[in-house]
Number of protein chains: 4
Amino acid sequence: MYSFKNDYSEGAHPRLLEALGTCNFEQAEGYGLDLHTQAAVAVLKEKLQNDEVQIHFLSGGTQTNLTALAAFLRPHEAAVAAQSGHIFVHETGAIEATGHKVLSVSSPGGKVSPAAVEAMVLSHGDEHMVKPRLLYLSQPTEIGTLYSASELQELKKLCERLDLYLYVDGARLGSALCAPGNDVDLPVLCRLTDAFYIGGTKNGALLGEALVIVKEELKKEFRYQMKQKGALLAKGQVLGVQFQELFRDGLYFELAQRANTLAARLRQAVAEAGYSLLAPTVTNQVFPILPNSVIAKLEEEFSFYVWEAVDASHSAIRLVTSWASDEAAVDAFATALKAGASR
Amino acid sequence: MYSFKNDYSEGAHPRLLEALGTCNFEQAEGYGLDLHTQAAVAVLKEKLQNDEVQIHFLSGGTQTNLTALAAFLRPHEAAVAAQSGHIFVHETGAIEATGHKVLSVSSPGGKVSPAAVEAMVLSHGDEHMVKPRLLYLSQPTEIGTLYSASELQELKKLCERLDLYLYVDGARLGSALCAPGNDVDLPVLCRLTDAFYIGGTKNGALLGEALVIVKEELKKEFRYQMKQKGALLAKGQVLGVQFQELFRDGLYFELAQRANTLAARLRQAVAEAGYSLLAPTVTNQVFPILPNSVIAKLEEEFSFYVWEAVDASHSAIRLVTSWASDEAAVDAFATALKAGASR
Amino acid sequence: MYSFKNDYSEGAHPRLLEALGTCNFEQAEGYGLDLHTQAAVAVLKEKLQNDEVQIHFLSGGTQTNLTALAAFLRPHEAAVAAQSGHIFVHETGAIEATGHKVLSVSSPGGKVSPAAVEAMVLSHGDEHMVKPRLLYLSQPTEIGTLYSASELQELKKLCERLDLYLYVDGARLGSALCAPGNDVDLPVLCRLTDAFYIGGTKNGALLGEALVIVKEELKKEFRYQMKQKGALLAKGQVLGVQFQELFRDGLYFELAQRANTLAARLRQAVAEAGYSLLAPTVTNQVFPILPNSVIAKLEEEFSFYVWEAVDASHSAIRLVTSWASDEAAVDAFATALKAGASR
Amino acid sequence: MYSFKNDYSEGAHPRLLEALGTCNFEQAEGYGLDLHTQAAVAVLKEKLQNDEVQIHFLSGGTQTNLTALAAFLRPHEAAVAAQSGHIFVHETGAIEATGHKVLSVSSPGGKVSPAAVEAMVLSHGDEHMVKPRLLYLSQPTEIGTLYSASELQELKKLCERLDLYLYVDGARLGSALCAPGNDVDLPVLCRLTDAFYIGGTKNGALLGEALVIVKEELKKEFRYQMKQKGALLAKGQVLGVQFQELFRDGLYFELAQRANTLAARLRQAVAEAGYSLLAPTVTNQVFPILPNSVIAKLEEEFSFYVWEAVDASHSAIRLVTSWASDEAAVDAFATALKAGASR
């Protein structure tokens with residue numbers, strides 16, 4: 001049974017394990033003050049073409065989101081997110097547990113529109129309601145779609161006008177950065193956001209996310225927040241070493257590219273088999289709409305999530321590829337799909 | 001410069017890295033639902049001689065403490081800890097950030113006495129004060145001392161009488177379990193506590209703590225709390241694999257034993273050099289009281305914390321050994337110490 | 001300029017002020033332990049026909065909601081409310097500030113349907129999402145509509161099946177209890193809810209709400225929660241005296257009845273003038289849909305909220321009556337409305 | 001049985017009740033935006049000789065403290081208070097419930113010393129500990145003692161040097177302002193603190209405290225915080241009217257003066273009876289140390305708190321006077337005390 005359920009089934013890319021092994025007996029400073037973490041910060045700043053940002057390594061996405069938003073917001077301030085946004089739906093109220101409401105706007109195609117954000121903010125006019133203060137986006141979105149640079153630019157302008165911070169959840173940022181047609185690279189993210197994170201867990205690391213804080217006023221005493229939220233690993237070098245290895249050459253991008261290529265192959269198979277997609281994704285997630293009978297058949301050999309019912313006899317499923325996905329399994333899935341379609 | 005600053009300078013024991021490598025390309029269920037985590041739970045239950053406990057793996061000590069206490073306590077309930085307790089002093093208000101006061105009692109030798117706990121609880125009589133509801137201990141304590149089984153038994157009885165949960169922070173539990181004279185083994189901890197954790201980070205793992213919940217009423221929906229606090233790693237197998245390896249034979253104990261042995265050698269050197277100790281520890285921390293001039297000399301070759309000033313010309317330093325400590329470095333320190341003493 | 005903006009413009013019913021004056025120099029126990037508070041509890045239990053409930057007096061609605069929900073819910077548990085629900089929209093994130101997410105369901109006519117609640121709960125299946133644990137209703141709703149006893153019964157059954165507490169916000173409960181056709185009286189509320197509050201501020205008191213906790217497990221140590229949230233008034237008798245006076249005979253109901261009667265007169269004027277209503281309310285709120293030109297004219301003599309635009313030239317306004325509303329002003333409004341209509 | 005237990009046994013000064021009655025049927029804007037609240041702010045600013053401060057009315061002391069501190073502090077920041085401080089001991093963890101640790105320093109005579117505060121702050125040096133950010137004082141202290149202007153000046157300088165806000169809890173501020181020898185008047189408080197509150201509940205009001213925010217950066221969007229914490233009363237005029245009446249002439253000071261005078265008479269009786277005091281207070285609290293047999297005798301006629309045991313046969317009791325205390329009762333107590341002494 002081969003799994004396309006997610007992009008965190010396997011461990012780390014072998015080069016990362018090797019790097020961890022190589023420096024295993026070095027004596028490192030604790031809590032992220034070690035030389036590898038410093039080197040990872042340096043190499044990331046190069047890729048970001050920005051020497052002023054502050055970079056912190058945390059162990060997972062929910063932890064990063066909650067630590068950042070709790071640090072950035074005053075008690076009465078709220079985040080605005082897509083209705084499908086991870087912090088709104090899938091983090092067990094982690095943001096609310098730090099005291100902040102998450103407001104949601106409709107998100108066709110997984111994305112929020114400037115108009116929806118503006119309407120939400122303008123509907124909050126006095127002290128009887130929370131004050132929207134941060135726009136939370138995901139790049140790619142929960143369903144694998146992308147914001148273009150001009151869309152992001154427009155949202156950034158809106159945020160400046162409405163006094164909102166712009167924060168981007170990049171759990172799968174690698175896949176976005178390497179997607180065909182993407183024009184939001186790391187320097188663009190530095191220019192157009194106030195903070196964002198570069199996901200490692202879903203692109204080659206055992207664990208680890210790199211939070212990049214761009215806006216000066218958000219940097220102050222951030223390590224206190226990390227410690228308080230349980231996000232300051234004693235052996236911080238474990239994260240530093242992995243990010244150093246992912247970014248010292250182009251490994252991070254190679255891995256994401258591979259995931260995208262395999263996803264594209266799945267999308268092509270879907271098209272060739274005559275099926276449609278729930279959303280036109282270009283990243284490592286594919287959402288084919290299939291007859292339930294075909295899904296049942298596929299489930300005999302493959303595991304994946306059934307995403308949502310589309311009609312009485314069809315559902316969308318979610319297929320996720322990663323740097324570690326087996327090419328042969330992708331081909332086998334394509335074959336099985338076409339066989340199912342032709343029965 | 002060799003460091004005796006702490007027991008988390010190095011990475012993981014090579015067997016753990018190897019185990020991570022071996023299963024690296026297995027496709028695992030996410031979020032701690034994988035087979036390695038299940039195996040680690042099974043092997044731990046054997047060592048605990050208790051099949052009813054619930055076991056969760058989290059990435060660090062602060063994270064474990066805050067997730068557990070936030071889950072266990074109602075809003076008006078408080079923890080009682082030693083004045084030197086980690087949650088009281090060194091976690092940046094992590095417990096308070098979840099809404100709970102930490103009350104402190106004096107802690108000579110790092111330990112709390114039943115009398116002090118009882119007095120604290122009895123001084124809280126009505127709704128104008130928090131309700132003490134959980135006793136937080138560390139085994140070993142912050143300064144490396146130990147509770148005996150009879151002391152723990154007495155505290156447990158007190159907790160039952162006063163309706164307190166008893167929680168033990170075991171960041172360095174390995175060292176305690178293997179200390180000479182220790183009579184608090186894992187089954188005893190299961191009998192005498194309501195929850196405790198077995199530290200991995202400081203005894204051979206890259207990261208990871210195993211939280212053991214003994215009391216039935218504390219188990220309910222604990223995974224929700226982990227997710228909410230950012231403590232549910234996507235690649236949960238990273239923790240499972242390591243604990244499986246640490247406990248499938250006696251590796252965890254061997255590593256702790258080695259740390260203790262090297263600490264004992266340092267203690268002996270202190271005695272031989274004619275110096276005294278701040279506290280009579282039997283675990284992997286040693287607190288010699290040295291002339292400041294000797295400290296300055298030692299600092300040329302070794303790094304360690306100066307713990308506290310004892311008088312105008314003497315201070316206590318803290319030396320920590322671990323499974324990874326270099327025997328030769330320990331001997332070199334002993335030699336340097338004696339040389340310093342005889343000058 | 002006469003105001004129909006709300007039902008808290010004036011002070012207290014004169015009988016309450018008189019009662020406060022009469023006992024002003026009695027020496028009362030502090031913090032709600034006084035004899036008047038006890039008497040108020042006793043008289044309320046009579047009206048509730050329930051001697052087992054626990055009753056607490058708090059100073060306002062938001063304070064009551066946040067204190068209750070924070071006390072009732074564990075950290076990962078969430079409330080479910082109407083999209084128009086007060087805790088979802090108009091309390092500045094007070095519930096989230098205590099750590100809990102508020103989930104919203106659509107609320108045509110201000111009410112939640114069992115189907116919508118069930119769908120929301122069933123869409124929350126595992127620890128990656130909050131656990132819905134409490135259904136929050138308002139009686140009357142934000143727009144003045146009512147749940148019938150059978151609707152409440154159905155919701156209660158659903159809550160039992162889904163393991164939800166049922167909590168009713170009764171900021172304007174007086175008006176609901178006295179509305180024509182209402183069949184949810186105080187004893188019914190005791191049978192069909194786990195907790196609810198009886199609003200005083202909007203029905204004759206200077207300030208004060210009476211929280212009734214029905215479910216045994218929710219009663220424990222509630223006064224601790226009140227103190228912690230700043231809701232335990234030193235001079236608790238101020239609340240006790242007022243509720244004693246409101247309920248010792250039928251004053252509370254008389255006042256609500258008067259508010260309803262005046263609202264009905266306004267509704268009749270709306271009908272006679274040939275206008276429609278946004279919602280068919282039977283309580284002390286009236287939402288006529290008027291031409292914007294008529295609204296502008298009315299605003300010269302009366303103040304009220306413009307609730308929402310209905311089309312390019314019409315808006316709904318909100319008129320609120322209370323025990324203190326001036327009958328002559330109501331008639332003047334009716335006259336002005338009809339005059340506007342006939343121009 | 002006459003009570004000297006506290007200064008909140010009785011209701012409001014009759015002039016306040018009368019003022020509430022006079023404006024009872026005025027239609028006021030809700031939530032503290034009414035004309036009486038504005039007038040109260042204006043008259044207070046005059047007394048403060050400061051037109052730049054921001055003034056808010058809240059219903060009680062705990063509510064004021066928690067709303068202010070939650071608004072002023074970032075998540076990792078902590079308050080420093082006396083070990084006997086109200087927020088440290090007697091508010092059921094209200095501050096911690098908003099996420100902030102309260103650090104305590106020893107407080108001989110109820111007061112904190114600059115040296116103790118500085119030592120506490122300096123012991124907090126990095127992100128593993130909270131960051132002390134606000135010094136909480138009470139004037140008068142919990143045991144009725146006073147800070148002089150020069151003491152306050154010294155603490156203010158220290159706070160500026162250490163980057164701490166200085167906040168003063170004035171639950172009994174009236175008594176302090178009118179105490180013999182006091183040199184900290186309202187303008188001095190404006191100069192030497194960043195925020196403080198003027199207690200109404202314990203000096204003539206039914207309920208109500210006036211929070212004065214001096215420091216510009218602490219003012220922003222404070223009403224949001226009030227609403228979120230349940231501290232924005234719908235009928236805000238109830239507080240405004242009372243403070244307007246208390247301060248439009250010298251009533252507030254007259255009432256406090258009367259309480260002080262009666263307390264002084266009790267102190268004199270203590271001296272004449274040959275007993276000593278636990279602390280040399282000059283405000284409306286008196287702490288005589290009496291033989292337990294005398295206490296038992298006095299308890300037959302009077303109620304008061306037994307504060308603490310002093311030795312096997314003596315205890316300190318607490319007597320509190322207020323604007324409403326009965327002069328004859330004070331004299332009766334004095335007589336009983338002397339009679340007890342002479343038996």
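Biologist: What makes strand 5 and strand 6 of chain D a pair?
Modeller: In this predicted model, five bridges join strand 5 to strand 6 (residues 165-169) of chain D. Pairing takes at least two bridges, so five bridges qualify. The two strands run parallel.

Biologist: Which residue is the bridge partner of S138(D) in strand 6 of chain D?
Modeller: S138(D) has D169(D) as its bridge partner there.

Biologist: How many bridges pair strand 3 with strand 5 of chain D, and in which sense?
Modeller: Four, in the parallel sense. Strand 3 covers residues 77-82 of chain D. With at least two bridges required, four bridges make this a pair as well. V80(D) has L135(D) as its bridge partner in strand 5 of chain D.

Biologist: Why is strand 5 of chain D called mostly covered?
Modeller: Eight of its eight residues are buried. Buried means under 20% relative accessible area.

Biologist: R133(D) lies in strand 5 of chain D. Why does R133(D) count as buried?
Modeller: Its relative accessibility is 8%. The cut-off is under 20%, so R133(D) counts as buried.

Biologist: Which residues is R133(D) in contact with, leaving aside its neighbours within four places in sequence?
Modeller: L73(D), E77(D), A78(D), D163(D), L164(D), Y165(D) and E217(D). Contact requires heavy atoms within 4.5 Å.

Biologist: Now chain B. Y167(B) lies in strand 6 (residues 165-169). Why does Y167(B) count as buried?
Modeller: The value is 1% relative accessibility. That is under the 20% limit, so Y167(B) is buried.

Biologist: Which residues is Y167(B) in contact with, beyond its neighbours within four places in sequence?
Modeller: The list includes T64(B), N65(B), A68(B), L69(B) and F72(B). L134(B), L135(B), Y136(B) and L137(B) are also among them. For T141(B), the C-alpha distance to Y167(B) is 13 Å, at 26 residues apart in sequence.

Biologist: How do you know that the span of helix 11 of chain B agrees with its number of residues?
Modeller: Helix 11 of chain B has 12 residues, 237-248. At 1.5 Å a residue, the helix should span 16 Å. Its end C-alpha atoms are 15 Å apart, so the two agree.

Biologist: Why is helix 11 of chain B called largely enclosed?
Modeller: Because 10 of its 12 residues are buried. Among them are V238(B), L239(B), L246(B) and F247(B).

Biologist: What makes the contact between helix 2 and helix 11 of chain B?
Modeller: The axes of the two helices come within 7 Å and cross at roughly 35 degrees. The crossing is left-handed. Helix 2 of chain B contributes H36(B), T37(B), A39(B), A40(B), V43(B), L44(B) and K47(B). From helix 11 of chain B come Q237(B), G240(B), V241(B), F243(B), Q244(B), F247(B) and R248(B). By class, the contact has seven nonpolar, five polar and two charged residues.

Biologist: At what angle do helix 2 and helix 11 of chain C pack?
Modeller: About 35 degrees, with the axes 7 Å apart. Helix 2 of chain C passes helix 11 of chain C in a left-handed crossing.

Biologist: How do you know that helix 2 of chain C has close to the expected reach?
Modeller: With 14 residues, 20 Å is expected at 1.5 Å a residue. From first to last C-alpha, helix 2 of chain C reaches 20 Å.

Biologist: What covers the buried residues of helix 2 of chain C?
Modeller: The cover includes strand 2, helix 9, strand 7, strand 8 and helix 11 of chain C. The buried residues include H36(C), V41(C), V43(C) and L48(C).

Biologist: Last, chain A. In what order do the seven strands form the open sheet?
Modeller: 2-8-7-6-5-3-4, with mixed pairing.

Biologist: Why are strand 2 and strand 4 of chain A called edge strands?
Modeller: Each pairs on one side only.

Biologist: How many bridges join strand 3 to strand 4 of chain A?
Modeller: Four, and the two strands run parallel. V80(A) stands opposite L103(A) in strand 4 of chain A.

Biologist: Which strands does helix 2 of chain A lie across?
Modeller: Strand 2, strand 7 and strand 8 of chain A, at about 125 degrees to strand 2. Helix 11 of chain A also touches strand 2, strand 7 and strand 8, and makes about 115 degrees with strand 2 of chain A.

Definitions and conventions:
Residues numbered from 1 in each chain as written. Chains lettered and ligands numbered in written order. Predicted model: local features only at pLDDT ≥ 70, side-chain atom pairs only at ≥ 80, totals over all residues. Heavy atoms only, no water. Expected span 1.5 Å × (residues − 1). Buried < 20%, exposed > 50% of the residue type's maximum accessible area, 1.4 Å probe, protein only. Axes fitted to C-alpha atoms, helices over the stretch in contact; angles between N-to-C directions. Left-handed = near helix turned anticlockwise from the far one by under 90°. Nonpolar A, V, L, I, M, F, W, Y, C, P; charged D, E, K, R; others polar.
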